[in-house]
Amino acid sequence: MSWFATPSPNGRSLATGALIMLADPLSPAAEAYRSLAANLQFAYADRQLQTIGITSAAPGEGKSTTVANLAIALAQGGRRVIVVDADLRRPGQHTLFGLESQQEGLANVLLGEYPHLPLQDTAAPGVRLLTSGTATADPLEALGSRRFDHVLALARAQADFVLVDTPPAGALADAAVLAPRLEGMLLVVSAGRTKRDMARRAREQLERVNANLLGVVLTDVRGDDKLYRY
Ligand SMILES: Nc1ncnc2c1ncn2[C@@H]1O[C@H](COP(=O)(O)OP(=O)(O)O)[C@@H](O)[C@H]1O
Ligand SMILES: [Mg+2]
């Protein structure tokens with residue numbers, strides 16, 4: 001398992017909706033996402049690791065931000081990326097990518113409204129988005145359904161990487177339902193917010209369902225060089 005640190009940009013916090021990969025590509029934070037992307041490209045070449053879920057112990061630790069910036073970093077490295085917003089409870093990818101409003105997406109496909117994936121182009125070339133959608137589906141049931149496997153297969157066929165923004169692993173069963181069906185999982189841990197035992201529980205929960213835990217992404221790391229390199 002590897003550790004990756006994604007520091008806060010110097011002197012300012014990541015404003016909601018800010019995609020640091022686009023806003024400030026030379027910042028240490030952008031560099032951190034590029035290094036994470038490079039590691040995944042390695043794993044990809046090795047073992048065909050295409051579908052990757054990003055989760056955390058609790059909300060607000062930086063899952064969605066990590067998914068969006070990592071997607072852009074991979075696309076800037078020449079890969080085709082599809083972002084799937086599977087956090088049906090607190091979806092955020094449409095906001096991060098600046099779509100005016102929620103569009104048809106995952107929930108619509110899971111309810112059988114679409115035979116194909118209604119993908120949206122984003123401002124980042126090479127990154128396409130399957131939003132959480134406009135339909136209301138029971139998250140646990142929808143994400144556990146055979147149709148979700150079909151969504152993954154369709155996305156896989158149209159991209160090099162499929163990044164899945166998932167609900168937190170700590171409290172809800174959604175992430176545990178998703179994890180075994182994805183080829184790899186990244187656990188986001190906030191240096192400032194995550195409690196040690198919550199992170200441990202999330203990790204244990206992922207291990208119990210035989211998730212392939214690729215690494216831990218440390219967010220909200222502030223200006224401390226040592227921690228950054230760790
Ligand atoms: N690497 C980071 N460093 C500092 N703050 C971050 C980082 N990533 C995200 N944030 C901030 O943390 C908050 C929650 O991020 P978000 O990605 O929505 O979390 P989640 O999807 O886990 O709920 C946002 O205000 C975001 O700007
Ligand atoms: Mg989120």
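Predicted model: local features only at pLDDT ≥ 70, side-chain atom pairs only at ≥ 80, totals over all residues.
## The nonpolar core

In soluble globular proteins, nonpolar side chains tend to be buried together. Here the largest nonpolar core holds 69 residues. Four of them touch the most other members: Ala71, Val81, Val83 and Leu163. Helix 3, residues 63-76, gives this core its largest share, eight residues.

What does Val83 contact, beyond its neighbours within four places in sequence? Its partners include Val67, Ala68 and Ala71. Val83 also contacts Gln93, Val127, Leu129 and Leu130. Leu163 and Asp165 complete the list.

## Helix 2 against helix 3

Two packed helices are described by the angle between their axes and the distance between the axes. Helix 2 spans residues 28-47 and packs on helix 3 at about 65 degrees. The two axes lie 8 Å apart. Angles of 65 to 115 degrees count as roughly perpendicular, so helix 2 is roughly perpendicular to helix 3. The crossing is right-handed.

Which residues meet in this pair? Helix 2 brings Tyr33, Arg34, Leu36, Ala37 and Leu40. Helix 3 brings Asn69, Leu70, Ala73 and Leu74. By class, the contact has seven nonpolar residues, one polar and one charged.

## His150

His150 sits in helix 7, residues 146-157. Is His150 buried, exposed or in between? It has 14 other C-beta atoms within 10 Å. Buried takes 20 or more, and exposed takes 12 or fewer. His150 is therefore partly exposed.

Val109 is 41 residues from His150 in sequence. In space, their C-alpha atoms are 9.6 Å apart.

Key:
Residues numbered from 1 in each chain as written. Chains lettered and ligands numbered in written order. Core = buried A, V, L, I, M, F, W, Y, C linked by C-beta atoms within 7 Å. Helix = DSSP H or I, 4+ residues; strand = E, 2+ residues; numbered from the N terminus. Contact = placed C-beta atoms within 7 Å. Axes fitted to C-alpha atoms, helices over the stretch in contact; angles between N-to-C directions. Parallel < 35°, antiparallel > 145°, perpendicular 65-115°, else oblique. Left-handed = near helix turned anticlockwise from the far one by under 90°. Nonpolar A, V, L, I, M, F, W, Y, C, P; charged D, E, K, R; others polar.
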